[in-house]
Amino acid sequence: MSEERTPKPWVAEYREIVDPVTGDKLDDGIVLFFKGPKSFTTEDTLELQVHSGRAVLTAILTALSKLHFCRPAGPGEFTRRAFEGGRMDLTQVEGLRDLIEAETEAQRKIAVNGVGGTQKAKFESLRAKILDCLMYVEGFIDFGEDVDELGQEGMLENARTRAQEIIDSINSHLRDNRRGEILRAGISLAIFGPPNAGKSSLFNFLAERDVAITSPIPGTTRDVLTLTLDIGGLPVVLNDTAGIRKLTDDTIEKIGVERAGGAVEGSDVSICVLSLEEVISVVPSSNQRAGRITLTLPADVLAHVKPHTTFLFNKADLTREVAGLSGESLEHEIRDALMRALPVPAQQKGPNVARMWTVSLRTGEGTVEFLDGLACVLRERVAYSESMSAEDAPLITQARHRDYLRSAVKFLKEFQEFPLSQIDIAAESLRYAARAIGSVSGVDVSTEEVLGAIFSSFCVGK
């Protein structure tokens, strides 16, 4: 291509797109030439903005394949070149992938922090502290002989204190209840309870369409139904489960009940759905506050109640006349009755009992309050707020981040255990700790297996 036909760098030009062999015009479009290293990949890059018709795109791609220096890009290849060119580190690469795949506002915010370099800066800070500690120890190795034994012990203790501060900092991130991974992948929310309580009706209500079959026949739901939703800006993986009961001769239903238990056990938050008319009893009493209402919760269901379980009492419209109470009074009485019925320590009851609602999924009564309350529960589970700053955002968003941080803690603790006589070996543990942190951002990553796993998850062309 002659010099006068070469597009000017960083200038949008309107050009004809022609076949390099036949010279046939394929389309008109905008041509943008990015001169390296001032490009996304740090290499010379030509961008064609053309019409999106399938025939047009096919013709242009076919024409490009006729050029000996052109070939289709592999999954994530442009981003990999940006990484290898120093444009991005691995946390930014992962952030870009998560931003492309983000479906909720929370996922977008977390991904933007990654792309923007917030995670990178935090990991670099941790690594820099370890390297500072290493330099202190190496200086001690080189010049420690000029200090008496008491002074040497003091210097080593100082280094151990520095290492402990780093360990405490890393552990504060490791104790985050997996909030970063959960926000990225979705909060697992399991719906469980006895048959015919309204679990599938709740599933359809949250999905805003008929996904699950509802029927008065017990055992209608046999398997775990899964759906991804956006609730209050948070990603939620919703699981509808089979009605939990032991007295069934249906082999398939038994398998469904077992899977239901597994879904509840592995969930981040669970909702126990109960039919209020099935569990409530009204006991006449001269003292109405003492035992006016009692709840009998099925033992099969209670076995699956966890600290993160919330309660939804359905069919409130069929019970209010029996109880003879207004909305607020009924909810207050049920709350007290639930406190008495739950077989868990009192210290665990408080937060759980506060997370209960009485609704009628048939009439819609109480569902607005339920949705608002559920959104609060989900936000609390991952410590998320709409005003969350970059500083408050979770540092760990990938399983591999957690693995490398745990490795760094292990090596730092190894360093602390070495005696003064093995200070040179102790320094090696600090090097391993620094490498573990560096592996998160890609500073010390050299294995093709790790890089291939990250970039292969990108769409082709990015």
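Is arginine 81 buried, exposed or partly exposed? I looked it up: arginine 81 counts as partly exposed, at 33% relative accessibility. For these words, buried means under 20% relative accessible area, exposed over 50%, and partly exposed in between, with a 1.4 Å probe and protein chains only.

A note on the source before I go on. This is a predicted model, where local features need pLDDT of at least 70 and side-chain atom pairs count only at pLDDT 80 or more, while totals for chains, interfaces and linings use all residues. Residues are numbered from 1 along each chain as its sequence is written, and side-chain values use heavy atoms, with hydrogens and water left out.

**Entry: a pair in H2**

I then looked for the partner of arginine 81. Its side chain meets that of glutamate 77 in a salt bridge, 3.1 Å from N to O. A salt bridge here is a side-chain nitrogen of Lys or Arg within 4 Å of a carboxyl oxygen of Asp or Glu. By this rule I have 22 salt bridges to note.

Why can the two meet? Arginine 81 and glutamate 77 are four residues apart in helix H2 (residues 77-84), so about one helical turn separates them. An α-helix has 3.6 residues a turn, so residues three or four places apart point the same way. Helices (H or I, at least four residues) and strands (E, at least two) are DSSP runs, numbered from the N terminus.

Glutamate 77 is buried, at 18% relative accessible area. The buried residues of H2 are Glu77, Thr79, Arg80, Ala82 and Phe83. I also found that Glu43, Arg71, Glu77 and Arg81 are linked in a network of salt bridges. After H2 comes glycine 86, with a positive phi near 85°.

**Entry: two pairs across the sequence**

Next I checked arginine 400, which forms a salt bridge with glutamate 94, with 2.6 Å between the closest N and O atoms. Arginine 400 lies in helix H16 (residues 399-417) and glutamate 94 in helix H3 (residues 90-101), so this pair ties together parts 306 residues apart in sequence. Both arginine 400 and glutamate 94 are buried.

Lysine 306 and glutamate 265 also meet through their side chains in a salt bridge (3.1 Å, N to O). Lysine 306 sits in the loop between helix H11 (299-302) and strand S10 (309-314), and glutamate 265 in helix H9 (residues 251-265), so the link joins distant parts of the chain, 41 residues apart. Lysine 306 is partly exposed at 24%, whereas glutamate 265 is exposed at 52%.

**Entry: helices side by side**

How do H16 and H17 run relative to each other, parallel or antiparallel? They are roughly antiparallel (an angle over 145 degrees). The axes of H16 and helix H17 (residues 423-441) come within 8 Å and cross at roughly 170°. Axes are lines fitted to C-alpha atoms, for helices over the stretch in contact, with angles from 0 to 180 degrees between N-to-C directions.

The contact (heavy atoms within 4.5 Å) includes Arg400, Tyr404 and Phe411 of H16 and Ala433 and Ile437 of H17.

Among the residues in contact are Gly95 and Leu99 of H3 and Arg108 and Val112 of H4.

Conventions:
Parallel < 35°, antiparallel > 145°, perpendicular 65-115°, else oblique.
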